[in-house]
Each structure stands twice: as structure tokens, then as C-alpha cells.
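Let us walk through this fold from the inside out. We start with nonpolar packing and then turn to charged pairs.

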Amino acid sequence: MIVASHDTNAGRFPEKGNRMKKEIFAIVAAALVSIGFGASLFGADNADVPETVSTSDGRVLNLTWHDEFNGEGLPDETQWSYEVGFVRNSEEQYYTKGRLENIFQKDGFLTIRTLKEEYDLTGKPNAKGRAKAEYTSAAIETLGKASWQYGRIEVRAKLPKGKGIWPAIWMKGANNNQVGWPRCGEIDIMEYVGHKPRTTHGTIHMQRKDATRGKVVSRTGMIKFEDGPEKPEESFHVYALEWTKDYLKIFVDDQLELDFQRAEEEPKAESWPFDQPCFMILNTAIGGSWGGSIGADTCPAEFVIDYVRVYQ
């Protein structure tokens, strides 16, 4: 149960999936295929995926992209690519590429696993002059494969826990490589840090117009859960973005976490970056500028994602 947030308006959400429903539909689909019904009846991985969704303001949107993580092994390379190396924020993890110890699909879920280990960096890219890494993890993104402008994005996930851990579900402008951050814009649908247990954050960043006040316009919403079985480290929740030309709203389940209105925020910015496509990133960091000091018992830590769905 959610006990506190910066914003408390409720939205409307479809029923959340679960492991049992996925398994039942997979068995039924396999049986039908065996007697001559092809994948066109359910779709290859689409059983129980809503084709439409109603937004908090009553609009009906259509499913345009999704990953249910119903495969086995590494994530689908036609949908995802990898960030590799020591990437940002003075974090301690080395992001590996295509390494099953750090990322894998199984039983209808994607798991990003952060490990404490001695990892040899000889010949590895983006090692920043280090011979070894003490931590490894994974970060996948849709850059160059898929990006979206406006709509509703949903990610159902269960978060890792432990001091120093820092998982995220986030988006950046597809022009990131051309204009850099923060001019590309950043939408943090979900961030969590282990030193603030039971608490999720939704944040928007963009380039500030008045450089004398710092280069970034940032606004954050926060939701804190009661201690119990529904807390985000123990239970799955839907982290969602609703995005139009006029606003970006971030939700946890049916609760509004952040309301970012263009009319209020655009005057602060050098330019409005959220009228262009953005790509998605899923990752778990450890340590660094916000993750902070790392607990001796934090690793292994698992960030488990049920699905990613985009409605437009």
C-alpha cells in the first residue's frame, strides 16, 4: 500500500499480468498449435496482452510495441542492444554485453543481475583504464531499434534491494548522440536507490535556459510504500508514463507520482526536448553519485521485469 507521494491523482490501468496467467496461456497456445491453430490466433508472444489501454484522461490508445520476455536466454537482439563498460555517474559496475550471468529471460521475465565479482577487463571496451571490475551488471536500450513520441509506456517490475543498488527505467531523446545530455531530455519513469528503501522516484530533466542557475531543469515526484508485502522490493508494480504534447505524467500503479506540464516548465528551458522520439533504457547501477556506498550483502541483486508495453 502506498502511504505517501508528491502527487496523489489516480489514473486508470488495465489488470496486471502474473506468472500463472502467462504459463496457462502458453500451455493453451501450445496445445492449439499442436492441433493446427497457428500463432495468428494468439500471436507468438502476445497471449493476454491488452491491445488497447485507457489513459488517466480517458483516451484509448493502441498497442504499438511490446516485449513480454517470453523467450529463453538473452533478450531479443532485434529489440534491444547493450550499453557496455563504465558508462556514467562514477558508478562501480561494469556493464557487460550478452552475458547470461548478468541478464537473461526465463519463465516470462527478464532479470538484470548485479554481481560482486573480480571481472577481468583485459581487452574489454570502455574500461576507463581499469584492469578489473569489482561489480558487473547489465544495461539494455532500444536506441537505433525503436523510439516513440507520445503515448503511454508501461513497465511491470520488481526492484532489487540493498545499500548502493540503483535500478532505473528511463528514456532519453533519440538525438542524444547529436546534442548530448541534458539537451536531449531525460524521462526517468522509475528510479530507486537502496539507501531509500520502499521509495520510488519519477523525474524529468532538460537543459535550463538560464545557465547561471545550473544547466539542468529537474523535477522529481516520489512515492513511499508501507513496509509489507506490497513494497517495491518484494512485489511487482506497474511504472508508467503518459506523454502528450502538453504534459508528461508518471504513475506507479494507479497513483500519479509526477505531473510535468509544458505550460509551466517550458519557459525555464533552453528548448522543449519532449516533442521528439525517445528511446528506452533498463539498467541496474551500483554505487556512484546517487547510489552511494555499497553494502556487503547487497549482491547478488536482481531487477526483474515482467513486460514493457507501448501504447499510442
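A nonpolar core here is a set of buried Ala, Val, Leu, Ile, Met, Phe, Trp, Tyr and Cys residues joined through side-chain atoms within 4.5 Å. Buried means under 20% relative accessible area, exposed over 50%, and partly exposed in between (1.4 Å probe, protein chains only). The model is predicted: local features need pLDDT of at least 70, side-chain atom pairs count only at pLDDT 80 or more, and totals for chains, interfaces and linings use all residues. Residues are numbered from 1 along each chain as its sequence is written, and side-chain values use heavy atoms, leaving out hydrogens and water.

The largest nonpolar core holds 49 residues. I169, I187, M280, L282 and I305 have the most contacts inside it. Strand β19 (residues 301–311) gives the most to this core, with 5 residues. Strands are DSSP runs of E, at least two residues, and helices are runs of H or I, at least four, both numbered from the N terminus. A second, separate core has 6 residues, including F86, Y94, Y119 and A133.

Now the charges. A salt bridge puts a side-chain nitrogen of Lys or Arg within 4 Å of a carboxyl oxygen of Asp or Glu. By this rule there are 18 salt bridges. One of them joins E117 and R99 at 2.7 Å, N to O. E117 sits in strand β7 (residues 109–120), and R99 in the loop between β5 (93–95) and β6 (103–106), 18 residues apart. R99 is buried, at 15% relative accessible area, while E117 is partly exposed, at 23%. R99, E101 and E117 are linked in a network of salt bridges.
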